[in-house]
Amino acid sequence: MFRSFELRIENVDTAIYLVPRQPGLSSASARIESTSLILTKIHSDDGLEGVGWTYSHGTSGLAMKEAIDTLFTQRLVGQDPLDTERLWDSMWNSVFPNISMAGLTAVAISPVDIALWDLAGKSTGKPIFRLIGGHRESIPAYGSGLDLAYSTEDLLGEVEGYMQQGFWGVKIKVGRDRLDEDIERLRAVRQAIGPYTPLMVDANQRWSVGEAISRIRAMEEFNLFWVEEPVQADDHMGYEQLSKIVNTPLAGGEGQHQLEQFLDLYQRGCIHFVQADVCRVGGVTGWLRIARLADAYHLPMVPHLVEELSVHLCCGVSNGFLVEHLPTLNLNNTGLIVDPLMPEGGTVTPRETPGHGVQFDMDALAQYQIG
């Protein structure tokens, strides 16, 4: 990364906030009542501040904060924050190969790496999407919901709202105990959005391979664009078996953390849409490695959540395809972001603000701080 001067990291601060969520949010695997937001700030010796974050549902986030405070900070202070790749490897190697905890490590690295990229953008005066490639100026978004517990009437209200706003397509949750309930909801949604609007479903790892075969075949009449996480995220052989039997494309990757896990999925040819989550795979650096490898296999990136950052990632790389707009989980809809970036006409356009452009309202966040 070109620069005419050298910066140094002076300090790294991390805090945890327990943010309440809208009641009644549910998928086939969880009911989400709150989110632990782990926020990291990195300060350089010229007065710049980079901000990064990750999240956790159902856990406090204390393990991630401890890793940042005790393992990563000592490797960062005094270093040039623009050396993002080298610093990422240094943080990863502080845990590996001594302790095999890939998920915890990747999630803990994420807010630090995101903060480093934010700092790099502010230092160079460029938004992240231009730093990583600047392939496009905007990206389409699809409307998504944590709506498995919704009545059909409430589900249709959500879906029709997305259509009125011009979103590219919609995704709903499936995985109710009875197949006929999933079918009833799908039929109602397909009738509401018409035969050609892309319709995706997310089973949140609910089924065995055998049950997934039966259920997906029963859903084929609805012309699904993809089925997301039909089986356990780590069951790569199950994904491979399923992909050879059903006609509907499969999406996955939100439950993966390591580049090697994604490589195995790519080599098996068993997912067709890659859903790497920037807050789970080691931040921007980790996500870019996964995306560039996916590009070699001609696979499109459709990131899981984190719309605020995913817009930069998908606009920055050649194989960015879609971002997920999920109002009940994205930070832009919490009231904790100053001047949030929202989709317009179903499209998200990153601002030219240096870095990622996300500014937290620290006064609003203060009431939720824990630990």
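1. Basis. This is a predicted model, in which local features need pLDDT of at least 70, side-chain atom pairs count only at pLDDT 80 or more, and totals for chains, interfaces and linings use all residues. Residues are numbered from 1 along each chain as its sequence is written, and side-chain values use heavy atoms, with hydrogens and water left out.

2. Helix pair H6 and H7. Helix H6 covers residues 179-193 and helix H7 covers residues 209-219. Helices (H or I, at least four residues) and strands (E, at least two) are DSSP runs, numbered from the N terminus. The two pack at an angle of about 30 degrees, with axes 10 Å apart. That makes H6 roughly parallel to H7. Angles under 35 degrees count as roughly parallel, over 145 as roughly antiparallel, 65 to 115 as roughly perpendicular and the rest as oblique. Axes are lines fitted to C-alpha atoms, for helices over the stretch in contact, and angles run from 0 to 180 degrees between N-to-C directions. The crossing of H6 and H7 is right-handed. A crossing is right-handed if the near helix is turned clockwise from the far one by less than a right angle, and left-handed if anticlockwise. From H6, the contact uses Leu-179, Asp-182, Ile-183 and Leu-186; from H7, it uses Arg-215, Ala-218 and Met-219. Contact means heavy atoms within 4.5 Å. By class there are 5 nonpolar, no polar and 2 charged residues. Ala, Val, Leu, Ile, Met, Phe, Trp, Tyr, Cys and Pro count as nonpolar, Asp, Glu, Lys and Arg as charged, and the others, Gly among them, as polar.

3. Helix pair H1 and H2. Helix H1 (residues 62-76) packs with helix H2 (residues 84-93) at about 145 degrees, and their axes are 9 Å apart. H1 also passes H2 in a right-handed crossing. On the H1 side sit Phe-72, Arg-75 and Leu-76, which meet Leu-87, Ser-90 and Met-91 of H2. This contact has 4 nonpolar, 1 polar and 1 charged residues.

4. Arg-185 in H6. Arg-185 belongs to helix H6. Arg-185 counts as buried because its relative accessibility is 1%. Buried means under 20% relative accessible area, exposed over 50%, partly exposed in between (1.4 Å probe, protein chains only). A polar atom of the Arg-185 side chain lies 3.0 Å from the backbone oxygen of Asp-147. Beyond four places in sequence, Arg-185 touches residues including Leu-148, Tyr-150, Lys-173 and Arg-176.

5. Gln-261. Gln-261 and Met-237 are 24 residues apart in sequence and 12 Å apart in space, C-alpha to C-alpha.

6. Glu-228. This residue sits in strand E7. At 0% relative accessibility, Glu-228 is classed as buried. The side chains of Glu-228 and Trp-226 form a polar contact at 3.3 Å. A polar contact is a pair of N or O atoms within 3.5 Å; within protein, one must be able to donate a hydrogen and the other to accept it, and residues adjacent in sequence count only if both atoms are side-chain atoms. Outside four places in sequence, the contacts of Glu-228 include Tyr-142, Lys-171, Asp-202 and Glu-254.

7. Helix H11 (residues 307-316) is largely enclosed by the rest of the structure, because 10 of its 10 residues are buried. Among them are Glu-307, Glu-308 and His-312. Asn-319 is in the loop between H11 and strand E10 (323-325). Asn-319 counts as buried at 10% relative accessibility. Its side chain reaches two backbone oxygens: that of Ala-291 at 3.1 Å and that of Leu-299 at 3.0 Å.

8. Positive phi. Most residues other than glycine have a negative phi. Gln-205 has a phi near 65 degrees. Gln-205 lies in the loop between strand E6 (199-202) and H7, and is partly exposed at 24% relative accessibility. Asn-223 has a phi near 55 degrees, and is placed in the loop between H7 and strand E7 (226-228).
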